[in-house]
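Hi,

Here is the structure I said I'd pass along. Have a look at it first, and then read on for what turned up.

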Amino acid sequence: MSTNDRRFIVDHSFDCTVETVIAAFLREGLTVAPVGGGDLRQQSAVGGALRYAVLEATLPELALDVGRRRADVTPVLSCQIAVYELVGNCTMVTATSPVADRQEHAWLVPRLDDRVGNALCTITRARAGTHAA
């Protein structure tokens with residue numbers, strides 16, 4: 001990835017995009033875990049739900065003891081991915097570089113940033129009509 005953060009619009013449904021995101025990161029050998037999600041609209045808002053999902057992608061070999069990891073502790077080198085449902089049949093995907101704020105640790109996993117970039121490229125290629133932002 002050439003920037004610290006990436007965001008792009010995918011011309012497909014939220015559910016399909018979430019599945020594509022998870023599959024792309026798994027294909028690159030990362031573990032994907034849900035961090036959060038919900039509805040972007042207020043309960044009183046007119047219209048259907050605008051959902052969002054927040055995922056965390058990490059390398060399995062960097063997890064010390066996943067079973068005992070507290071939910072409020074972020075791994076040192078992880079990629080946060082957010083998927084936002086937009087009006088129509090569009091979805092926005094955002095991702096942060098796992099080494100953006102920790103360049104001193106980048107040498108530990110030299111290809112981590114490349115693997116995240118490859119996953120994001122897979123997502124954009126998988127869906128026609130994507131627009132980079």
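Arg-51 and Glu-85 meet through their side chains in a salt bridge, with 3.1 Å from N to O. Keep in mind that this is a predicted model. The two partners come from distant parts of the chain: Arg-51 sits in strand β3 and Glu-85 in strand β4, 34 residues apart. Glu-85 counts as buried because its relative accessibility is 16%, and the cut-off for buried is under 20%.

The structure holds 2 salt bridges, and through shared partners Asp-15, Arg-51 and Glu-85 are joined into one network. As background, side chains of opposite charge can pair when their charged atoms come close.

Gly-38 lies in strand β2, which covers residues 31–39. The C-alpha atoms of Gly-38 and Arg-51 are 5.5 Å apart, although 13 residues separate them along the chain. Beyond its sequence neighbours within four places, Gly-38 is in contact with Leu-50, Arg-51 and Tyr-52. At 32% relative accessibility, Gly-38 is partly exposed.

Now to the nonpolar side. In soluble globular proteins, nonpolar side chains tend to be buried together. Here the largest nonpolar core has 24 residues, and Val-21, Phe-25, Ile-81 and Ile-123 touch the most other members. At least two core residues come from each of β1 (5–10), α1 (14–27), β3 (51–58), β4 (78–85), β5 (91–96) and α2 (112–126).

What is Phe-25 in contact with, leaving aside its neighbours within four places in sequence? The list is Leu-30, Val-32, Ala-57, Cys-79, Ile-81, Val-116, Ala-119, Leu-120 and Ile-123.

One of those contacts, Cys-79, brings me to the cysteines. Cys-79 is buried, at 0% relative accessibility, whereas Cys-121 is partly exposed, at 34%. If you were wondering about disulfides, the count comes to 0.

Cheers

Technical notes
Residues numbered from 1 in each chain as written. Predicted model: local features only at pLDDT ≥ 70, side-chain atom pairs only at ≥ 80, totals over all residues. Heavy atoms only, no water. Core = buried A, V, L, I, M, F, W, Y, C linked by side-chain atoms within 4.5 Å. Buried < 20%, exposed > 50% of the residue type's maximum accessible area, 1.4 Å probe, protein only. Helix = DSSP H or I, 4+ residues; strand = E, 2+ residues; numbered from the N terminus. Contact = heavy atoms within 4.5 Å. Disulfide = S-S within 2.5 Å. Salt bridge = Lys/Arg side-chain N within 4 Å of Asp/Glu carboxyl O.
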